[in-house]
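Subject: Structure handover and findings

Hello,

Here is the structure for your files. My notes on it follow below.

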Amino acid sequence: MKTPESVLKKQATQAKITKDRAAAAKVAEAKAVSDVTLWTANAKKYAAEYAAEEKAAVDNRRKAKVDGGFYVPAEPKLCLVVRIRGCIGVSPKAKKVMRLFRLLQLHNATFVRLNEATIRMLRLIEPYVTYGYPTRQTVEKLVYKRGFGKLNRQRIPIADNSVIEEGLGRFGITCTADLVHELTTVGPHFKQANNFLWPFKLKNPKGGFSRKTKLLHFMEGGEAGARGEEINKFIKKML
């Protein structure tokens, strides 16, 4: 009995689909292997770069001590800003600045590139935020624990490197190590990397805030304003 033509066409279509799926799976597997190799190489390269920077800083401090002088490190280029007050009693100008920094909710945190303009803006909103200089470890913890990317205007958790590659692959940022390196070094694509990250949503710090000191400046024993490298201890309590 002759096989109907419709059945033959269906069999041919199914065979073509199976063949295409097998070819796509093979390509995906090869890409996954090459991606893992690239990500591992990048992570090792960045680790060596960080170690060299730390060693250079230690050597410079020792040399300055031997020479009887002081070693002054370079000015920090990255700042982490955390909003610690709500919207009641906030001036329109401060509201606009916080909107520019994407600090729309209480306990939101974002990275800011430090320059003359942003320093002035930070001083304007000091009563409503606290900020300082994050270490690489703090940046890593924020990205790993609270990292969400922006894809098609949606808040997508950074569960694997494919999310980063889809959002920032055209800028050469394909994995978490690339993203952390771009943020900590304030690289050429810092703006795109920072905009890709959704503002971090942190929890209330362990122990909470004191009613008496929350509104005071950090230098007066309060919580608001610049706190330098102490921001790392503060963020640790909010993760």
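**Salt bridges, core and surface**

Glu 116 and Arg 120 are both exposed; here buried means under 20% relative accessible area, exposed over 50%, and partly exposed in between (1.4 Å probe, protein chains only). The model is a predicted one, in which local features need pLDDT of at least 70 and side-chain atom pairs count only at pLDDT 80 or more, while totals for chains, interfaces and linings use all residues. Residues are numbered from 1 along each chain as its sequence is written, and side-chain values use heavy atoms, with hydrogens and water left out.

The side chains of Glu 116 and Arg 120 form a salt bridge, at 3.1 Å from N to O (a side-chain nitrogen of Lys or Arg within 4 Å of a carboxyl oxygen of Asp or Glu). Both residues belong to helix 3 and sit 4 residues apart, about one turn of the helix. Helices (H or I, at least four residues) and strands (E, at least two) are DSSP runs, numbered from the N terminus. Met 121 is also in helix 3, which covers residues 116-124. Met 121 is partly exposed, at a relative accessible area of 22%.

The whole structure holds 9 salt bridges. In one of them, Glu 54 pairs with Arg 136, and the closest N and O atoms are 3.6 Å apart. Glu 54 is in helix 1 (residues 5-66) and Arg 136 in helix 4, so this pair ties together parts that are 82 residues apart in sequence. Glu 54 is partly exposed at 47% relative accessibility, and Arg 136 is partly exposed at 21%.

Another salt bridge joins the side chains of Arg 227 and Glu 223, at 2.9 Å from N to O. Arg 227 is buried, with a relative accessible area of 9%, and Glu 223 is buried at 18%. Salt bridges with shared partners also link Glu 54, Arg 136 and Glu 140 into one network.

The largest nonpolar core contains 32 residues, and those with the most contacts inside it are Val 82, Phe 111, Leu 179, Leu 183 and Leu 202. Such a core is a set of buried Ala, Val, Leu, Ile, Met, Phe, Trp, Tyr and Cys residues joined through side-chain atoms within 4.5 Å. Among the elements that give two or more residues to this core are strand 1 (78-83), strand 2 (108-113) and helix 6 (176-184). Helix 8 supplies the largest share, 4 residues.

Lys 203 lies in the loop between strand 6 (200-201) and strand 7 (225-226), and is partly exposed at 36%.

Regards
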